[in-house]
Amino acid sequence: MALAGLSVSGVGQAEEAASMSLLEDALGATWPGMVEGATVVDWQGEVLQEGDNGYTCMPTPPSMSGRAPMCLDEAWMAWAKAWQNREPFTAERLGIAYMLAGDEGASNLDPYAEGPSEDNQWVVEGPHLMIIGPPALLEAFPADPDNGGPYLMWKGTDYQHLMVPVAARPMEQDME
């Protein structure tokens with residue numbers, strides 16, 4: 001009986017450690033002042049931390065090999081649901097998302113591209129914010145990710161959003 005208890009306890013500790021690493025990964029997307037108040041969920045929707053600041057943080061998707069955690073406000077959560085289900089979406093107000101751990105890349109042109117190609121303008125972004133808003137508010141921004149400032153990703157689609165780099169992109173050799 002004592003061995004069984006230790007075994008169950010060990011499994012519980014392993015699950016807790018795994019949960020903590022998901023929690024830490026998810027919270028790595030945002031700035032320290034938001035960590036305590038953010039809700040954190042894993043990719044199955046299990047709540048890892050209850051929060052009250054209106055942000056939901058998620059760890060890096062399990063399909064990715066690098067890091068790409070994110071923290072989304074309510075407007076971004078609606079955007080994410082529409083994008084995931086390939087449903088129409090139009091932002092009616094500003095929304096802010098944090099990806100301060102950066103990402104491992106996305107097409108700047110195709111919201112559903114799964115990897116780089118010669119014609120999809122693949123961008124591996126460093127730490128950044130993302131902003132959605134009514135299309136008229138975003139249309140003046142350039143779509144060129146190399147313009148030296150914010151740029152509109154997925155321009156002309158229902159999922160267009162402003163990318164706001166806050167630090168340098170990873171060097172290509174760092175990505176190999």
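## About the model

The model is predicted, so local features need pLDDT of at least 70 and side-chain atom pairs count only at pLDDT 80 or more, while totals for chains, interfaces and linings use all residues. Residues are numbered from 1 along each chain as its sequence is written, and side-chain values use heavy atoms, with hydrogens and water left out.

Let's start with β10, residues 161-165. Helices (H or I, at least four residues) and strands (E, at least two) are DSSP runs, numbered from the N terminus. Four of the five residues in β10 are buried, so the strand is largely enclosed by the rest of the structure. Buried here means under 20% relative accessible area (1.4 Å probe, protein chains only).

Two strands count as paired if DSSP finds at least two bridges between them. Strand β8 (residues 128-132) pairs with β10 in the antiparallel sense over four bridges, and Leu-129 has Val-164 as its bridge partner in β10. Strand β9 (residues 151-153) also runs antiparallel to β10, joined by three bridges; here Leu-152 stands opposite Leu-162.

## The nonpolar cores

A nonpolar core is a set of buried Ala, Val, Leu, Ile, Met, Phe, Trp, Tyr and Cys residues joined through side-chain atoms within 4.5 Å. The largest one has 23 residues, and Leu-72, Trp-76, Trp-79, Phe-89 and Ile-132 have the most contacts inside it. Elements that each supply at least two of its residues include β8 and β9, and the largest share, five residues, comes from α2.

A second, separate core of 12 residues includes Ala-26, Val-40, Cys-71 and Tyr-98.

How values were computed: Buried means under 20% relative accessible area, exposed over 50%, partly exposed in between (1.4 Å probe, protein chains only).
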